[in-house]
Protein chains: 2
Amino acid sequence: MIKPRTPPGVMELLPRDQIAFQRMLDTIRRHFERFGFLPVETPVMELSEVLLTKSGGETERQVYFVQSTGALAKSGSEGGEGGMPELALRFDLTVPLARYVAEHEHDLAFPFRRYQMQRVYRGERAQRGRFREFYQCDIDVVGKDSLSVRHDAEFPAVIFAVFSELDIGKFTIQLNNRKLMRGFFEAQGVGDAELQARVLREVDKLDKRGADYVRETLVGEGFGLSAKAVERILAFVEVRSTSHADALAQLDALGTPNDAVRAGVEELREVLELVRALGVPESHYALNFSIARGLDYYTGTVYETTLDDYPQIGSVCSGGRYDDLASHYTKSKLPGVGISIGLTRLFWQLRDAGLVDTAASSVQVLVTQMDAAHLPQCLALAAELRQGGLNTEVVMEASKLGKQFKYADRAGIRFVAVLGEDEIAQGTVTVKDLRREDQFTVPRDELAKALRVELAQAEVEARA
Amino acid sequence: MIKPRTPPGVMELLPRDQIAFQRMLDTIRRHFERFGFLPVETPVMELSEVLLTKSGGETERQVYFVQSTGALAKSGSEGGEGGMPELALRFDLTVPLARYVAEHEHDLAFPFRRYQMQRVYRGERAQRGRFREFYQCDIDVVGKDSLSVRHDAEFPAVIFAVFSELDIGKFTIQLNNRKLMRGFFEAQGVGDAELQARVLREVDKLDKRGADYVRETLVGEGFGLSAKAVERILAFVEVRSTSHADALAQLDALGTPNDAVRAGVEELREVLELVRALGVPESHYALNFSIARGLDYYTGTVYETTLDDYPQIGSVCSGGRYDDLASHYTKSKLPGVGISIGLTRLFWQLRDAGLVDTAASSVQVLVTQMDAAHLPQCLALAAELRQGGLNTEVVMEASKLGKQFKYADRAGIRFVAVLGEDEIAQGTVTVKDLRREDQFTVPRDELAKALRVELAQAEVEARA
């Protein structure tokens, strides 16, 4: 007897949690499509040579390699020479996107707008809330040669649509711009990219270590910044706009100390105006000059999204603008902009915070069985309900009616249909509504419609 | 520069083919849910020890093992001792189901009805139409201790619903019963299970080698059956019913030579009656006594589904009844019944046969841009259309209108919305319908509704 269990670091759900998870996936997908993104799926296995072009030590150590039994036996007999296996599991959806766009370049229309919602794999150290297999939900727009900054404005609108419907409380989409940051640091005498990165890492400790610690570090050995520069930097990374007008004013206040600041300010201003034109309420977006994200990757707009009441969850949707997606695979220049939602971790955190519940069953009606002789009638009723668009389960083995009701209740099925001697004679069905603890009898040919109305009402109430 | 490419044996689609594929997945899922099956997803990686309990050589040779960089380095330094890696990719959805049900037994309600639609992995030899990564779409009902044969009747109803909507031509759901087969062979003096299997393998060559060859083999050395028994066997496996009444008559004609035949006939009779009660037209199901399927696995009803006009595609949906799902993981007896659709291969074959087309874009409207100054207006219009439930893309970088139309046409986007000086002044939008090669102007606040009506009509026409 083998103990049935999953490997550590994966999230496996019971059906009613899976239903809640699936609803989130469906919501995200619906909005991705509504904004005109096209679906792409790529194989979970990529050629190692293709997948691991640029990644250095950190990523590489977390990669899962794949070998068929045959390949394994072969490498074993050669004495474990340690050569890299031919196949590996993708660790994100960005490298596969780069490979996909470069491979299919001549069959795609640019700007290419794609969404991809699949699992990715990382050999992380197992710990609470860290996953080795998790869903990413990505959208990107990829241009050929160039891509207007206007595209950057669509992403806050998508984020707003998705997270409004996910209904997990108030959230704020935070914007910054890497050109602006770079220019600002240059103006403070921190021109070197590596030094900027080190300064930002110290600044990131503000919350944990406090301003005094950071101030001391930055004026101290190893940085040697002037006290004045440090004050300006600390003031800069504290900037959060409080409204659309305030955001524009904060940008104006920066002046134009150099070209990089000027370019960053212009980009942010255009993005802000178009985000407003797209109908995102100003309560839901703000400038946040502390956001840096992947310093060696993003080159323009950067995004983070935080839940106002759950800052400890961190960013639930992030991304930004990059200069060239696929330089390892093609000579074409492919600038792009995109965002990603790490849904497995998010779902886990939301459940932990009590923000998502186990869902009601996806089954909407249970057709009971009082007497085996009536089963054909019950099945015909079920067929009618399914035809009418209702997810319907039939009790196939007769038992006491009370037991069947208890089953429905435990399973989270709201409606129970009873077809007894009387109902059959009268062409009716008796329905018990387990949520309202109510029951009613309707003509059989009106049942599907009646239940659809009830369910639609419940949907409306749930959203109100 | 690395050549961007996928490993052999995977199916990667361009977006409009992915849309067609996704529609098939959605259709299957909708019907699985309509019949009251609950969603389950399991990790792609399972512990090798758990995954490979029972599989012998054949399956094991096709397994993909997974190792993180760290694990790989370790096994390498130990000199390739050839021990089995800890993790492996699932090669079907049945073993993970068994593990899932055994692991979560106390949290599940029985009979447990689950659907699962995920990719599985097999290290097959690469050849045309064979995939190393492919989708399986499975449903199963698993009972605890016992499970009435009535459940077996639901599967033809699900198959009928799914394949009717997939709209890939006339199909027939073929039924047989392993008890019936076993009893019949016993009555012909072929009692030994292994001999039965060998006889069936020979019988399977009827199409290719002809009746004479099979007859000769079975009366010859190694089998030694009587000529009379062989005639009866050949007549038996030729049985195909032509209607519901004919199916019942064929069952009657078998008589009751032994208990196994009697049990099989009774089960098939009950299944046939309930399949009819569920509204499956008799034109779409038939007995076929040649269907055996996984001889060491199935124990009662077995199903295959074939496309009437494309017999060469083989079975597009198969399955059956099994006695005990998870004997390696639990002492509980878990009988079940289920079916599986191998969607990647099916999609590939249907495309090959010209039965599925590249889909229209999932984008329904393209909002054009005539003048950069109007972009905020265009974005506001797009927001209204999205609010109205339409998948909408906006041209972000102005170009000649003709170029924008051409883009929509190539991308498979049916409607193009034009918002020019005049339209803005009059509060209207001009819409070009690229399918009908028609154009019309409507008040802006009626546009979403007008397009929804057009699209709903197109949907109805497409189904007619």
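Mentor: Two strands are said to pair if DSSP finds at least two bridges between them; strands (E, at least two residues) and helices (H or I, at least four) are DSSP runs, numbered from the N terminus. The structure is a predicted model, in which local features need pLDDT of at least 70 and side-chain atom pairs count only at pLDDT 80 or more, while totals for chains, interfaces and linings use all residues. Residues are numbered from 1 along each chain as its sequence is written, chains are lettered from A and ligands numbered from 1 in the order in which they are written, and side-chain values use heavy atoms, without hydrogens and water.

Trainee: Why are strand β1 (residues 38-39) of chain A and β5(A) said to pair?

Mentor: They share two bridges, in the parallel sense, and the rule asks for at least two, so they pair. A:Pro39 stands opposite A:Tyr115 in β5(A). With strand β6 (residues 133-142) of chain A, β5(A) runs antiparallel over ten bridges; there, A:Gln116 has A:Asp138 as its bridge partner.

Trainee: Why is strand β5 (residues 112-121) of chain A called largely enclosed?

Mentor: Buried means under 20% relative accessible area (exposed is over 50%, partly exposed in between; 1.4 Å probe, protein chains only). Ten of the ten residues of β5(A) are buried, so the rest of the structure largely encloses this strand.

Trainee: What makes a set of residues a nonpolar core?

Mentor: Its members are buried Ala, Val, Leu, Ile, Met, Phe, Trp, Tyr and Cys residues joined through side-chain atoms within 4.5 Å. The largest such core has 122 residues, and A:Leu385 and B:Phe32 are among those that touch the most other members. Helix α6 (residues 154-166) of chain B supplies the largest share of this core, nine residues.

Trainee: What is the size of the area buried between chain B and chain A?

Mentor: Buried area is the accessible area (1.4 Å probe) that two parts lose on being put together, summed over both. Here that area is about 8,900 Å², with carbon and sulfur atoms giving 60%. In terms of contact (heavy atoms within 4.5 Å), 104 residues of chain B meet 104 residues of chain A.

Trainee: Why is the link between B:Arg29 and A:Asp26 called a salt bridge?

Mentor: The rule requires a side-chain nitrogen of Lys or Arg within 4 Å of a carboxyl oxygen of Asp or Glu. For B:Arg29 and A:Asp26 the N to O distance is 2.9 Å, so the pair meets the rule. Across this interface the rule finds ten salt bridges.
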